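The tour below goes from one selection to the next.

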Amino acid sequence: MKLCYRLGAVLLLALGALFLVSIASAQPPVPHSLEGRDDCLACHQTGVVGAPRVAEDHTGRTNESCDQCHAPIGVESAGMPTIPHPVEGRETCLICHEAGVGGASKIPDDHEGRTDETCQRCHVEAGTTPVGEAPISLALPLIPHPTEGREACLTCHSGPPHPDDETYFASAHGQRYLAEGAEWDWSKPLVKGNYPVPTCAYCHMRNGRHQVADKAIWKFGIREVNPKTAENQVKRQRWLAVCADCHETAQARGWLEGLDRERKQTWAQLYQAEDVLRALRGDDLLHPQAGDRPPYPIDWWEEYLPLARVGFYEGQASAFYNVSRIERDYFEMWYFDSLAAYKGAAHGATEITDQAHRRLGRNLERLRREAAVLRELGRAEEESGHRVDPRPLWLRGPYTEYNRERN
Amino acid sequence: MRPPALLAFLVLLAWALPAVAAGPPDEGPPGAELPGPGPLADAACIDCHAEATASWRNGPHGSAAEAGCTACHGGRHGSAGPRARHSETCIDCHGGEGGAAARSYLTSKHGVIATLEAPGWDWSQPLIDANYRTPSCAYCHLHDGAHGQMLSLDVLETACADCHSPRFIETLFAAGRRMLGIADLKLAEATAAVEAAGAAGADPEPEIGRMLETMRRQTLRNLRLGIGHQSPDYQWWYGHAALDGDLLRIKSALSRNARKRAR
């Protein structure tokens, strides 16, 4: 054979070998514990909860053959946790991990007698490449709690008017979820007995119902309801049925009635604030009054019959821009303090509810003081016969004019 | 060249091209000796990573007290890449987990996906197109490994284009510009109102000055973070709705003072 042909053949063979080697060492390792997860295909065939789907060329393979190629993360055997923090400056592992200080995981009982020197023989720092081994690919968790595909609700259900994530995570349910959730078998359906505490979907998508608000009684918290109407009684029974998966029905009933009391108490305070505002409005003491500022774009007659809106039924929802400070303060009580208290009570985060109630109380006091100032200023203006015209300040300005044109 | 050799050469070229075209930047001269096991100090990095050092020096981290090489990359060469790619590395100094930077990211779609899936990703991979499903901090802010200017809009737009379509990017950037434009109007109105009151002879009240500063320094910053990180809450409740609140509270304070003076 000519030399160039031989060289070409050798080169082709070499490339082929390299190619095969690169394929062979590229099987993704298994980045999670295998305990309770014998059925690989349950997640990896369908791709649920973000599990990478099996490659197409794996068609026909069964669960038994997976671990012949896909090794779990960790040096020696399945499930050895990697070290989720930098090791630098933390060479004496046992200081934290013997007693579990600072939230560090406690070493298991079968590690008795082992010393600091031997820890790193098995436990690798996440993201490092141990000498002589294929790269291990596990990441530092972005936030320090389990994350396997159960937090899609957070995208929307967070933030000041509905701190659902914050209140859930602060509750006993959420705390347990944060501590243990990564170890649960998420291939199991969300029914009684499969999970020690409920998740969002467990309660709000009961038995897989996708009508997530089907048991909603309190209308998101934005207005007071009668929780004992016939319709709400039915919903209450359905809530009790959910809680009864794990709790005594009498206890669950007590919690539900606690939520009723929380709402009643909060609305009593909000109504007091509304009364203060209505009194000011009635006495023409709001400054600016409705006609002194641009009309709300809600109703066409607003321009001719301007009305300062107070409370949910008068369209309070719009009243947080270009109103007087006292009206905005009420809005924030209604939309932030009350709703935070509501969600705290609903999810069992009593501390958040208490904090929100205290804020509500302080804000109510501040509202009353502001009202007193407005009364005093109004009285002085009436006596002197001279009223400071708010309109130059409140009807003009780059943004006010832009908004009036655009809305 | 004879056919088989030519074929072999073409195959080799096709196989090698992707690595050449899209490799991680600044990996040090080929054949250079890796430093020892460490822990390494900043000075050990400069010889091989001159380019990164130079661009770092020209950027905001170059003049920050605690933002040298090992602050983000750690002291071990093997873990230097993954360490710096994790968002946690940045969050420690940039406001912490509860700070606006982290919260605006975590409440975005990118952040939620990262929360769900990031622990399973291969962080030894460079931060380039298709290696990660969503970006971590360094993906956008040190795009292509640039260690210098970290907030250039042009660079950020390029980073978005790694995954998103031109129309999508154009739409979001345009919306962001409009939001910032409207925010500027609100700030202008607040500033003008304060200045007008001052010109009318009012004593400048420190409280109002502070409110104006907060509006600029905090609320506007929240809005920017909301736009940059695409966080609905930071665009709205902590951003524009909060700017509305700041504006009306400043005006209310000015009104009250005017009324008190007129008594």
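The stops cover model confidence, cysteines and salt bridges.

This is a predicted model, in which local features need pLDDT of at least 70, side-chain atom pairs count only at pLDDT 80 or more, and totals for chains, interfaces and linings use all residues. Residues are numbered from 1 along each chain as its sequence is written, chains are lettered from A and ligands numbered from 1 in the order in which they are written, and side-chain values use heavy atoms, with hydrogens and water left out.

**Confidence in chain A**

The average for chain A is 81, and 75% of its residues score at least 70. Select residues 74-79 of chain A: pLDDT is below 50 here, and the stretch has 12 contacts (heavy atoms within 4.5 Å) beyond near neighbours in sequence. Then select residues 127-149 of chain A, where pLDDT stays under 50 and the model has 64 contacts beyond four places in sequence.

**Cysteines in chain B**

Over all chains, the search finds zero disulfides (a pair of cysteine sulfur atoms within 2.5 Å). Select B:Cys72, whose nearest cysteine sulfur, that of B:Cys90, is 6.3 Å away. B:Cys72 is partly exposed, at 23% relative accessible area; buried means under 20%, exposed over 50% and partly exposed in between, with a 1.4 Å probe and protein chains only. Move on to B:Cys90: the closest cysteine sulfur to its own is in B:Cys137, at 4.0 Å, too far for a bond.

**Salt bridges**

Side chains of opposite charge can pair when their charged atoms come close. Counting a side-chain nitrogen of Lys or Arg within 4 Å of a carboxyl oxygen of Asp or Glu, there are 34 salt bridges over all chains.

Select A:Arg176 and A:Glu180, which form a salt bridge at 3.1 Å, N to O. Both lie in helix α6 (residues 172-180) of chain A, four residues apart, about one turn of the helix; helices (H or I, at least four residues) and strands (E, at least two) are DSSP runs, numbered from the N terminus.

Which residue of chain B forms a salt bridge with B:Glu189? Select B:Lys251: the closest N and O atoms of the pair are 2.6 Å apart. B:Glu189 lies in helix α11 (residues 166-199) and B:Lys251 in helix α13 (residues 232-262) of chain B, so the pair ties together parts 62 residues apart in sequence. B:Glu189 is buried at 2% relative accessibility, and B:Lys251 is buried at 1%.

Finally, select A:Arg325, A:Arg328, A:Asp329, A:Glu332, A:Arg366 and B:Arg249, which are linked in a network of salt bridges.

Technical notes:
pLDDT is the predictor's confidence in each residue, from 0 to 100.
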